[in-house]
Amino acid sequence: MSLNPSKKILKVINFSDFYENKIPLLQVELECPKIKRGKIVLGLIDTGSRYTIINKHVVEECFSEEELKTRYFDSVIINNKKYERYSFRFTFPQLDNIGYIFNVAIIEYDPFPEELVPNVILGREDFLRDLIVCLYKSELITIYKEF
């Protein structure tokens, strides 16, 4: 990060509490042309994941096959399997609605139970590239962004 004056954002967000388990989840609003508004899903910050991934079921709810064709970006290998990546706009309501276009791999995984399985895994290459994220005692996330 540079030392020049710029807009800065510092947010403190509580871990989500599910069945007495604390999980570092963020709300992610995915653009959703099929329903003509954004769809809020849960995103897990994962420093171990290089790429950002999204559940195929969410993509099918939001985009037609024609719309997906215009958003194709490239393909990547994750766990020795090839996946296609597409460009989607994510907005983060808990971070003053900042939004970015991420190149996201679409992976199918079981969404049940939906409240425990995040629909988006926020990886290093997209979400974490311009942020400082600190996790405190499995209770709080602080996110610092300078832009």
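Analyst: Asparagine 79 lies in the loop between β7 and β8; strands (E, at least two residues) and helices (H or I, at least four) are DSSP runs, numbered from the N terminus. Asparagine 79 is not a glycine, yet its phi is positive, about 50°. With a relative accessible area of 74%, asparagine 79 is exposed; this word applies over 50%, buried applies under 20%, and partly exposed covers what is in between (1.4 Å probe, protein chains only).

The model is predicted, so local features need pLDDT of at least 70 and side-chain atom pairs count only at pLDDT 80 or more, while totals for chains, interfaces and linings use all residues. Residues are numbered from 1 along each chain as its sequence is written, and side-chain values use heavy atoms, with hydrogens and water left out.

A pair of aromatic rings is described by the distance of the centres and the angle of the planes. Rings of Phe, Tyr and Trp (its six-membered ring) pair if their centres lie within 6.5 Å; planes under 30 degrees apart count as stacked, over 60 as edge-to-face and the rest as tilted. Seven aromatic pairs are found in a search of the whole structure. One of them is edge-to-face: tyrosine 72 and tyrosine 86, 5.7 Å centre to centre with 80° between the planes. Because tyrosine 72 lies in strand β7 (residues 72–78) and tyrosine 86 in strand β8 (residues 81–92), the pair ties together parts that are 14 residues apart in sequence. Tyrosine 72 counts as partly exposed at 42% relative accessibility, whereas tyrosine 86 counts as buried at 15%.

Tyrosine 100 is partly exposed, with 22% relative accessibility, and phenylalanine 102 is buried, with a relative accessible area of 1%. Both belong to one aromatic cluster, which Phe90, Phe92 and Phe127 complete.

Lysine 36 lies in the loop between β4 and β5. Lysine 36 has a positive phi of about 60°, although it is not a glycine, and it is exposed, with a relative accessible area of 74%.
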